Each structure stands twice: as C-alpha cells, then as structure tokens.
Amino acid sequence: MHIVDRRLNPGGKSLANRQRFLRRVKDVAQRAVRESAREKDIKDLGKDGRVTVPADGVREPRFARQSGTGLHDHILPGNKTYVEGDRIERPPSGGGGKGSGEGGEGSENSEDAFRFVLTRDEFLELFLEDLELPDLAKRRLSVVETEGLRRAGYTISGSPANLALTRTLRNSMSRRIALKRPKPDEIAALEARIAATPSSDPDLPDLLLTLSALRERTKRIPYVDPLDLRYRRFETYPRPVAQAVMFCLMDVSGSMTEHMKDLAKRFYILLHIFLTRRYRHVEIVFIRHTDKATEVDEETFFGSRETGGTLVSSALVEMKRVIAERYDPNDWNIYAAQASDGDNVSSDGPTSTELLRAHILPACQHFAYLEVGDENGPRAGFVEHRTTLWRTYEGLAKTGAPIAMRKVNHRRDIYPVFRELFGRKDARAEAEA
C-alpha cells in the first residue's frame, strides 16, 4: 500500500522539514521554552510564541578537508613565482587564518542565536513534556465544545418555516413601486367611472382601453415574485459549555520566597491552560494578601513585594466581594487556587473556616489549596509539618467539604500534584493501581 499525503503545508513552509527540525533541536527548544515561560504572562502562555535558540545548539555537523594533510589543487591567477610542476611547501600547522566560526575577529557576534515561531500546540507540547506530563493527562485537558445556531442574515432560498415575511413584503413593495404596478384602488376607480359613463360618450373606448392595459400590467407584474422571497439564515458556531473565572489567591508576606512564588506561578499557568482548553471565555482574578487583601493585576501579583503579617480571611473576604459584584455562580463556573507557605494567625482559623463553608465553597466548582515549601524540603506527598493553615483546611476537609490540598517543594512535582487535584477519579485510581 502506498499513501500519498497531498495536504498543503501550513504557511507555505515545508511541514516535513519543520517537524524534522523540531525533533533534532528538541532538547534545545525545550530549554528555550522553559526560559520563555518564565517571562510570559499566564494568558499568553497558550498562544503562539517566539523562541530564541542558540545557533551552537542547532548547527549541523559537516565534513571538511584537513588543510595540513593530503593533496590539494590550487589555481593561482596572476602568479609570478611558481610554474607548473613546482612543489609548494605546506603552511605551518593551524595556519590559513580563522573564520567567523573558528574564533576569528567578530566571531562572538557573527552568529549567536536565531528565533523561530512555535505554534500553540507545539509550544504546549514542549512545555508539558518538559515537566513529564503523561499523555493520558494531556488528553484529559482536551474537551469538545458543543455547537449552537445563530442568525446570520438572509438568503434567497431555504425552508418555508424560515420565510421572513417582513423582509419579503418589503422587497415586493419596492419592486412594485419601481415597475409602477397599478394599484387596486386605481383600477377600482376606473371601473366605477366606466360604469357611470354613458355608452354614447366618445371617451368610453379610451377608458376601456386604459382599463385593459392596467389589468394586463397587473398580470405581468405579480404582487409577490420569487425574487422577493427572503429566508432567515442560520449558521453553526462553537458554543462553550459555560464561561469560567479563575481566582488566584496568594500570600505575599515576607515569608514567601521567590522559589515559592515561582511554584505558585507554574501551578496557576497549568490551571489556566486547563480552563482555556475547556472553556472559550476565561477570566482571571488576582488577589494577594498579607494581613490585608487587594485585587491586583498579574504583574503586581507576582512581582511586587510586601511585608507584614498573614491573615488568610482577608483574601477570602475579598474573593467573596468580587463574586458578589461580578460573577454570579448561576452564570459562571468559578475555580479558585490558593498558594501559601501555610502561615496564618491562629485566631483567624475559625473565621477562615466559616467563610469557606458558608460563602466560598458553595459558589466554587473547585477549590484547591497548594502549600509551597522550600526547595530543599521533601518531595510532594510528605507533609512533615502541619502548618497553621494546613490544619485549618484539613479540619474542614474532614467534614466533607469540597476542598483539595497538596504540598509542593520542587518544580518537578507541579504536574503530578495537578493531576491529583484535577484528574478524574477513575484515572487517579488507575494511576494508583
């Protein structure tokens, strides 16, 4: 069997060469994607992106003759020193000058890097594989949206049930006025005049001729012509199951290190990718807190530093306010992810528990708490120390509240923890087996 792929290459470029190139520079591209992901915003991570790759990492090996050995033929135009048959002494070892790729002058800036654009799927493929996300989990991220119908103007053909009467009659009237079709009142008035005119009146033949012409014109110009018909047109469009909002809550007190914030950002990135694969319209709300909570933009959320104590209930109060003002739970799928090092005022535990039980959890589709720790701490799954906030949420989870909790110290554990938090129950059971 012979299979011939006649599909057009995207963008006029060679698809086979592009795929071969990506396979060859996969390791280099993965490192470039990882570095690029640190600079990207959460909303921009799932889009097409430019990746800078060092030229040394993709230079192809090639064969070249060694100048110090072997026989070589040279053409020396304008030569006044040598004649045919003379032997030329070999240059000293390493002679012959240095090119741009061999340490010559200007070699450092001659060819140091180049950029190429990865598609969304290529970027996500490299980004997910970089942290060893299994294929099963990646398939679970992809969901098919339903299709809906919406009005798309009018068409000249269609089903009688979709006939647009108003538009059809308006076209009919325009055509009758343009062609000067006789009006029924005009014909009726002429018939009444003829009936009242004596047979001896010399104008009677002209009136009869005019009436005959009007009736004939009425027959030639119909009241409704097939050209006047207009039907309502509908077209299909991808309709998301619903719209979603993603709440990102993070402790930014002095105890949160840059490593902890980086772990939180990676978790938020993956959660956003998950939601954008499932919902077409996803909004993000960033709430940061110390002993006071405020809604901020992404740059401030991850970049600005603050000092002070930690009061988790302030973030929950701020989230409650935002939900009440902008996101009705009847219209929005609400997801919340909280990242913290576990510090909290011990007296704030009952307040946080009541806010979650009475207001936050009933409105959320899913609430995940990620406790981030030092890089030198143990792997995920080993909670060696129950922090204040962990004990608070653990007591709430034991009562049956829908809250998921995990602890992460290393970047390599972000995706396994995410699968545990958001994976299907049957998939988790298979993984554990």
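Biologist: How many aromatic pairs does a search of the whole structure find?
Modeller: The search finds 8 aromatic pairs. Keep in mind that this is a predicted model.

Biologist: Give me one. What kind of pair do F247 and Y327 form?
Modeller: They are edge-to-face. The centres are 6.0 Å apart, with 85° between the planes.

Biologist: Why does that pair tie together separate parts?
Modeller: F247 is in strand β5, while Y327 is in the loop between α11 (312–326) and β8, so the pair joins parts that are 80 residues apart in sequence.

Biologist: Are those two buried or exposed?
Modeller: Both F247 and Y327 are buried.

Biologist: And F367 with Y393, why is that pair edge-to-face?
Modeller: Their planes stand at 90°, with the ring centres 6.4 Å apart, so the pair counts as edge-to-face. The cut-off for that class is over 60 degrees.

Biologist: Where do F367 and Y393 sit?
Modeller: F367 is in strand β9 and Y393 in helix α13.

Biologist: Which rings are linked into a cluster?
Modeller: F267, Y268, F286 and F301 are, through ring pairs.

Biologist: Switching to charges. Which ring does R151 sit over?
Modeller: The ring of Y154. The charged end of R151 is 5.6 Å from the centre of that ring.

Biologist: What about R176?
Modeller: R176 lies over the face of Y223. There the distance to the ring centre is 3.9 Å.

Biologist: Now the sheet. What is the strand order?
Modeller: β7-β6-β5-β8-β9-β10. It is an open sheet of 6 strands, and the pairing is mixed.

Biologist: Which strands stand at the edges?
Modeller: β7 and β10 (403–408) do. Each has a single partner strand, so one side of each has no neighbour in the sheet. From one strand to the next, the twist averages 20°.

Biologist: What holds strands of a sheet together in a pair?
Modeller: Backbone hydrogen bonds, in a parallel or antiparallel arrangement.

Biologist: In which sense do β5 and β6 pair?
Modeller: Parallel, over 8 bridges. One example: V245 has E283 in β6 as its bridge partner.

Biologist: And β6 with β7?
Modeller: That pairing is antiparallel, over 4 bridges. I287 has E295 in β7 as its bridge partner. The two strands form a hairpin, with 3 residues between them.

Biologist: What about the other end, β9 and β10?
Modeller: β9 (residues 366–372) and β10 pair in the parallel sense, over 6 bridges. V372 stands opposite V408 in β10.

Biologist: Which strands does helix α13 lie across?
Modeller: β8 (332–340), β9 and β10. Helix α13 covers residues 388–398 and runs at about 145° to β10.

Biologist: Back to β6. Why is β6 largely enclosed?
Modeller: 7 of its 8 residues are buried, so the rest of the structure largely encloses β6.

Biologist: Take R288. Buried or exposed?
Modeller: Buried, because its relative accessibility is 1%. The cut-off is under 20%. R288 lies in strand β6. Beyond four places in sequence, its contacts include M250, V252, T300, F301 and E306.

Biologist: Where is T290?
Modeller: In the loop between β6 (282–289) and β7 (293–296). T290 is buried too, because its relative accessibility is 3%. Setting aside residues up to four places away in sequence, T290 touches residues including D251, S253, E306 and L311.

Biologist: Last topic, the cores. Which residues of the largest nonpolar core touch the most other members?
Modeller: M250, Y268, L275 and F301, out of 33 residues. Elements giving two or more residues to this core include β5 (243–251), α10 (298–303) and α14 (414–422). The largest share, 9 residues, comes from α9.

Biologist: What does M250 touch?
Modeller: Leaving out residues up to four places away in sequence, its contacts include Y268, I287, R288, F301 and A339.

Notes. Residues numbered from 1 in each chain as written. Predicted model: local features only at pLDDT ≥ 70, side-chain atom pairs only at ≥ 80, totals over all residues. Heavy atoms only, no water. Buried < 20%, exposed > 50% of the residue type's maximum accessible area, 1.4 Å probe, protein only. Contact = heavy atoms within 4.5 Å. Pairing = 2+ DSSP bridges. Axes fitted to C-alpha atoms, helices over the stretch in contact; angles between N-to-C directions. Core = buried A, V, L, I, M, F, W, Y, C linked by side-chain atoms within 4.5 Å. Phe/Tyr/Trp six-rings, centres within 6.5 Å; stacked < 30°, edge-to-face > 60°. Lys NZ or Arg CZ within 6 Å of the ring centre and 35° of its normal.
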